[in-house]
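Subject: Structure for you to look at

Hi,

Here is the structure I said I would pass on. Have a look at it first, and then read my notes below.

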Amino acid sequence: MNINIRRGGDDYFFNRLFSYVNSELDGNIQGMEQLRGNVYLVETEDTRFILKGYNDLRKLKIQEAFASSLRQSGFGSSYGFVRMNKPLQFEGLYYGCIEYIDQHENRFDYGLQADRDEGIKLLDKFHDHTSLLASSYAGMLPRGDLARKWHHRKKEFTTNLQAVHFYVNSAVTGEVLNWAEVSLKNFDASKRELEQEQPVILHGDVAHHNFLRSKEGRLYLIDYDLISLGPRAYDMLQYANRILPFLDWDFESLEKIGHLKKWLGYEAFLHGLLYPADILREWNRLLREKNHISPYRLSPLIEMTINQFQQRKKFHDDVTSRLHSWK
């Protein structure tokens with residue numbers, strides 16, 4: 001991997017960042033590649049590491065401390081930070097150096113039952129360890145507030161409706177927004193039962209790309225930018241929402257996942273399952289990034305919103321019927 005000198009705009013920034021990092025490290029950089037945003041893969045004569053930029057030094061220090069605490073607690077399925085003599089500060093960002101994990105050719109995939117089962121088992125293990133760390137980080141981390149996040153997401157989607165209706169019929173979006181409205185109302189009213197649980201440090205973003213399988217076959221949980229304090233049910237709810245499309249929106253398939261069975265007995269958890277988190281999230285992201293004309297991005301979103309609509313509706317009716325039977 002080699003550095004290619006680029007000219008103009010962001011490329012000019014990349015060249016200057018490369019020069020700065022090279023001057024601050026003991027070994028010469030053999031190459032640097034931008035992975036996304038402020039995240040870079042760096043290769044020196046001896047090793048590889050991930051260079052990641054943070055908006056302020058406090059965020060970087062919390063990330064370094066948490067990664068270290070997690071390792072010391074006995075949770076070995078994550079990365080650590082490379083110890084630096086001083087913070088790398090460049091153009092208003094503070095850069096941390098994260099251990100590089102060489103990926104297996106078979107990447108983690110929510111479409112595979114074995115991966116889904118392994119992922120939720122690892123997430124549960126992560127919570128077991130972070131429950132022991134929660135009190136130490138109480139003054140550093142925000143409280144997890146899933147309802148507030150969902151309210152904001154629904155509001156943003158509502159402002160985007162005109163653009164969404166260029167691709168999706170208003171009857172579909174009307175139903176989706178109704179699901180969101182009813183889910184949020186009931187979740188707000190019942191979420192306290194979830195919050196009675198012992199708090200843990202939540203991961204906050206259990207997307208498939210945050211589960212990384214190493215070349216040796218070990219599964220890692222990565223990227224702690226959104227960690228917060230709260231009930232583990234919040235991460236488990238996100239996980240359930242992420243895997244439901246791969247279960248064809250079948251509630252009975254959720255019940256067969258041992259680590260979810262407990263949570264399916266909570267009214268608030270079921271109301272949370274009815275929130276169309278993925279549809280709202282992905283449309284908002286697409287329009288925020290102005291990528292709605294990209295077929296690569298648009299096609300799976302149309303599939304999610306329209307082609308899965310009847311499956312989602314059946315799932316919604318099934319869960320609603322279960323909730324009514326409890327009353």
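One definition before the rest: by a polar contact I mean a pair of N or O atoms within 3.5 Å, where one must be able to donate a hydrogen and the other to accept it. Serine 131 has a pair like that: a polar atom of its side chain lies 2.7 Å from the backbone oxygen of aspartate 128. Do keep in mind that this is a predicted model.

Staying with serine 131, you'll find this residue in the loop that runs between helix H3 (113-130) and helix H4 (146-159). Is serine 131 buried or exposed? Its relative accessibility is 15%, so serine 131 counts as buried, the cut-off being under 20%. If you skip residues up to four places away in sequence, serine 131 touches Gln198, Pro199 and Val200.

The other residue I looked at is glutamate 197. Glutamate 197 sits in the loop between helix H7 (192-195) and strand E6 (200-202). With a relative accessible area of 23%, glutamate 197 comes out as partly exposed, because that class covers what falls between 20% and 50%. What does glutamate 197 contact, leaving aside its neighbours within four places in sequence? The residues are Pro231, Lys262, Trp263 and Tyr266. With lysine 262 there is also a polar contact, side chain to side chain, at 3.3 Å. Serine 321, for its part, is 124 residues from glutamate 197 in sequence, and the two C-alpha atoms are 26 Å apart.

Now the chain as a whole. There are 14 helices and 9 strands. A compact globule of 327 residues would have a radius of gyration near 20 Å, so the 21 Å of this chain agrees with that. Along the principal axes, the C-alpha atoms fill a box of roughly 65 × 45 × 35 Å. Buried residues account for 49% of the 327.

As for contacts, take those with a separation of 6 or more: 71% of them are between residues 24 or more positions apart.

Cheers

Technical notes: Residues are numbered from 1 along each chain as its sequence is written. This is a predicted model: local features need pLDDT of at least 70, side-chain atom pairs count only at pLDDT 80 or more; totals for chains, interfaces and linings use all residues. Side-chain values use heavy atoms; hydrogens and water are left out. Helices (H or I, at least four residues) and strands (E, at least two) are DSSP runs, numbered from the N terminus. Buried means under 20% relative accessible area, exposed over 50%, partly exposed in between (1.4 Å probe, protein chains only). Contact means heavy atoms within 4.5 Å. The radius of gyration is taken over C-alpha atoms; the globule rule is 2.2 Å times the number of residues to the power 0.38.
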